[in-house]
Amino acid sequence: MRVNLSQILADANHKGWAIGAFNTPNLESVQAVIAAAEALNQPVIIMHAQIHESLVPLEVIGPVMVRLADQARVNVCVHLDHGEDLGYLLHAMKMGFTAVMYDGSRLPYEENLANTREIVRVAHYLGVSVEAELGRVLRPEGGGAPDLEEEALSPEACYTDPALASAFVAATGVDALAIAFGTAHGLYEAQPCLDFERIAAIHQRVEVPLVMHGGSGVCAADFQKAIACGISKINYFTYMSLAGGQAVKVCFDQNPGRDLRFDQIAEIGRVAMQADVELAMKIFRG
């Protein structure tokens with residue numbers, strides 16, 4: 001059943017879990033995530049990121065996500081991830097997405113605040129939840145290399161300030177806040193050093209659920225510590241996608257010379273992605 005972000009995160013907070021949020025840029029990944037959630041009887045968030053528009057347009061994948069969410073035996077939030085302009089976000093809302101994330105984190109604070117407030121006004125009128133971001137999660141969405149400006153910033157300059165987070169939430173009315181505390185999009189070159197005290201400090205000041213971006217590669221113990229400190233939603237994609245690709249590679253390596261149809265390859269990847277998502281969801285449940 002399709003629900004909005006506020007509903008699904010309220011359930012997580014009640015149980016002391018974090019809800020997994022998985023990017024689904026093709027049919028197989030949507031099927032894998034929902035099948036994993038149904039196998040574990042857990043709610044889940046499926047997401048389309050604006051950066052994935054070149055892989056699959058919102059116009060194509062959006063209706064698929066909405067329809068499969070409606071048919072699911074568990075609660076599913078259909079979420080637009082890292083949207084950067086109101087028109088794109090509004091298109092997703094009208095399509096049936098139940099939550100949107102506006103990413104104005106690279107804008108000046110006042111501009112991010114003003115844009116977020118306007119998006120909240122429109123989204124709440126339509127019954128759609130809004131996530132915003134304050135601070136800068138290292139590396140851009142998609143896991144690309146950081147720009148020179150970002151590399152020059154100190155952790156303190158990137159990380160979310162607790163007092164500012166409180167003021168931002170109060171001024172915008174957002175339903176969830178993505179915070180920066182040491183994670184990065186894409187693959188980690190070394191185990192990340194997360195600022196758990198910062199999560200706890202923000203959680204004490206902010207009543208809305210907190211979101212971790214850059215979840216792939218974080219160890220199970222750090223996930224669970226972050227959840228205990230106040231994280232309610234964890235974005236996870238890279239390792240899920242790699243699991244699908246690795247399974248296909250293993251199949252080819254073990255069957256040299258065998259001709260595989262594309263539908264067979266897609267199913268091998270889907271099964272492996274589902275297994276990886278199930279593992280991640282079990283960790284997020286604690």
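How many Å² does the accessible surface of the chain come to, and what percentage of that surface belongs to carbon and sulfur atoms? The accessible surface comes to about 12,500 Å², and carbon and sulfur atoms hold 54% of that area. Please keep in mind, as you look around, that this is a predicted model.

View 1. Take the contacts in the chain with a separation of 6 or more: 73% of them join residues 24 or more positions apart.

**View 2. Here eight strands close into a barrel.** You can follow the order by name, from β1 through β2, β3, β4, β5, β6 and β7 to β8, with parallel pairing. From one strand to the next, the twist averages 25 degrees.

**View 3. Strands β2 and β3 run parallel, joined by six bridges.** Look for β2 at residues 44–49 and for β3 at residues 76–83. A handy landmark is valine 44, which stands opposite valine 76 in β3. Helix α3, residues 58–71, packs on the sheet and touches both β2 and β3. The direction of helix α3 makes about 155 degrees with that of β3.

**View 4. Helix α5 packs on the sheet, touching β4 and β5.** The helix covers residues 109–125, while β4 spans 99–102 and β5 spans 129–134. Compare the directions of helix α5 and β5, and you will find an angle of about 170 degrees.

Methods:
Residues are numbered from 1 along each chain as its sequence is written. This is a predicted model: local features need pLDDT of at least 70, side-chain atom pairs count only at pLDDT 80 or more; totals for chains, interfaces and linings use all residues. Side-chain values use heavy atoms; hydrogens and water are left out. Contact means heavy atoms within 4.5 Å. Accessible areas come from the Shrake-Rupley method with a 1.4 Å probe; for residues, only the protein chains shown count as cover. Two strands pair if DSSP finds at least two bridges between them. Helices (H or I, at least four residues) and strands (E, at least two) are DSSP runs, numbered from the N terminus. Axes are lines fitted to C-alpha atoms, for helices over the stretch in contact, and angles run from 0 to 180 degrees between N-to-C directions.
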